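Good morning, and thank you for coming. Please have the model open as I speak.

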Amino acid sequence: MAIEYSGTGDPARSLALLWRTREKPSRRGGDLSVERIVRAAIEVADADGLAALSMRRVAERLGVGTMSLYTHVPGKGELLDVMLDTVYGETARPQDARGGWRGRLEQIARENWALYLRHPWLLQVATTRPPLGPNVTAKYEYELRAVDGIGLTDLEMDAVVTLVSGYVHGAVRGAVEAAQAAQRTGMTDEQWWHAHAPYLEKVMDPRRFPLAARIGTAAGQEYQAASDPDRAFEFGLARILDGIEVLVAGRQAGGPPAGGLARAVTDG
């Protein structure tokens, strides 16, 4: 799977496009606009993956000439940045999430999970240099507010948000791949499991693989599949939040920042 990189466009043009500071009226293509171009590009990526995305495919979807797109969008690099910023604006940001900071982080994690399922092509984009647009900024602001005022340092707040978002990014891949496998093979995970399980029982010797046989059988019977991405996500998210809770409790008890705490434990 080819990986695209955000932040590869011209910085001045990308930022002008992201913040819509210099959008030009269309002279060609009727009511063509940045918004229409970006929405069409997202539709192409949603339907066929990021590898299918090109200025030509977007133009075809809009029924216009390819060159007319360049009146509004300098190139594919800038287009990808605006696509990312646009879909990041879809996450719900309720101000009254229950359960304190833990409930807020759970809500954020589930919103990010749902976002990846709606737009699986997000997994094909490396965002170590994120598009610095209004929706990305608003999303980051909202996520930081989830842990504001609970005793963490600024860098710890950033690290907690990064930890949760990074966990979701890794965990959701299994769910996306399971959905794509069912779509492309015409066979659900349950159907696949029932087709393979009887043969596996015949060829796998439980004396050679006692743990794999016992635990794999228990998991297969429970999930009716080789795995359950949703259940794995919930289990992992709870453990991540448990770890953050230990950190928060330490701060509220007057403990030192993370580096100092680690040194104190080592020295002690």
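**A walk through the model**

Leucine 15 has its place in helix H1, which covers residues 11–18; helices here are DSSP runs of H or I with at least four residues, strands are E runs of at least two, and both are numbered from the N terminus. Before going further, please note that this is a predicted model, in which local features need pLDDT of at least 70 and side-chain atom pairs count only at pLDDT 80 or more, while totals for chains, interfaces and linings use all residues. Residues are numbered from 1 along each chain as its sequence is written, and side-chain values use heavy atoms, with hydrogens and water left out.

Together with Trp19 and Leu132, Leu15 forms a nonpolar patch on the surface, and the three have about 300 Å² of accessible area together. Such areas come from the Shrake-Rupley method with a 1.4 Å probe, and for residues only the protein chains shown count as cover. Patches are made of residues with over 30% relative accessible area and no salt bridge; like charges are joined within 9 Å, and nonpolar side chains (Val, Leu, Ile, Met, Phe, Trp, Tyr) within 5 Å.

Let us turn to the interior. In soluble globular proteins, nonpolar side chains tend to be buried together. The largest nonpolar core in this model has 62 residues, and those with the most contacts inside it are Val58, Leu69, Leu79, Met83, Leu105, Trp121 and Ile244. The elements giving two or more residues to this core include H1, helix H2 (34–48), H5 and helix H8 (154–185). H8 gives the most, with 10 residues. A nonpolar core is a set of buried Ala, Val, Leu, Ile, Met, Phe, Trp, Tyr and Cys residues joined through side-chain atoms within 4.5 Å.

How many residues of H5 are buried? The count is 12 of 13, so H5 is mostly covered. Helix H5 runs over residues 76–88 and reaches 18 Å from its first C-alpha to its last, close to the 18 Å expected at 1.5 Å a residue; the expected span is 1.5 Å times one less than the number of residues. Among the buried residues of H5 are Leu79, Asp81, Met83 and Tyr88. Methionine 83 touches Val38, Ala41, Ile42, Ala45, Leu53 and Trp121, leaving out residues up to four places away in sequence; contact means heavy atoms within 4.5 Å.

The buried residues of H2 include Val38, Ala41, Ile42 and Ala45, and its buried residues pack against H1, H3, helix H4 (66–69) and H5. Just after H2, glycine 49 takes a positive phi of about 90 degrees.

On the subject of phi, most residues other than glycine have a negative value. Which value does arginine 20 take? Its phi is near 55 degrees, which is positive. Arginine 20 sits in the loop between H1 and H2 and is partly exposed, at 31% relative accessibility. Glutamine 224 also has a phi near 55 degrees, in the loop between helix H10 (210–223) and H11.

I close with the charged pairs. The structure holds 20 salt bridges, each being a side-chain nitrogen of Lys or Arg within 4 Å of a carboxyl oxygen of Asp or Glu. Arginine 110 pairs with glutamate 234, their closest N and O atoms being 2.6 Å apart. This pair links distant parts of the chain, since arginine 110 is in helix H6 and glutamate 234 in helix H11, 124 residues apart.

Lysine 139 forms a salt bridge with glutamate 143, with closest N and O atoms 2.8 Å apart. These two are 4 residues apart in helix H7, which means that about one helical turn separates them. Lysine 139 counts as buried at 11% relative accessibility, and glutamate 143 is buried at 7%. Elsewhere, salt bridges that share partners join Arg102, Glu106, Arg110, Glu234, Arg239, Asp242 and Glu245 into one network.

Methods. Buried < 20%, exposed > 50% of the residue type's maximum accessible area, 1.4 Å probe, protein only.
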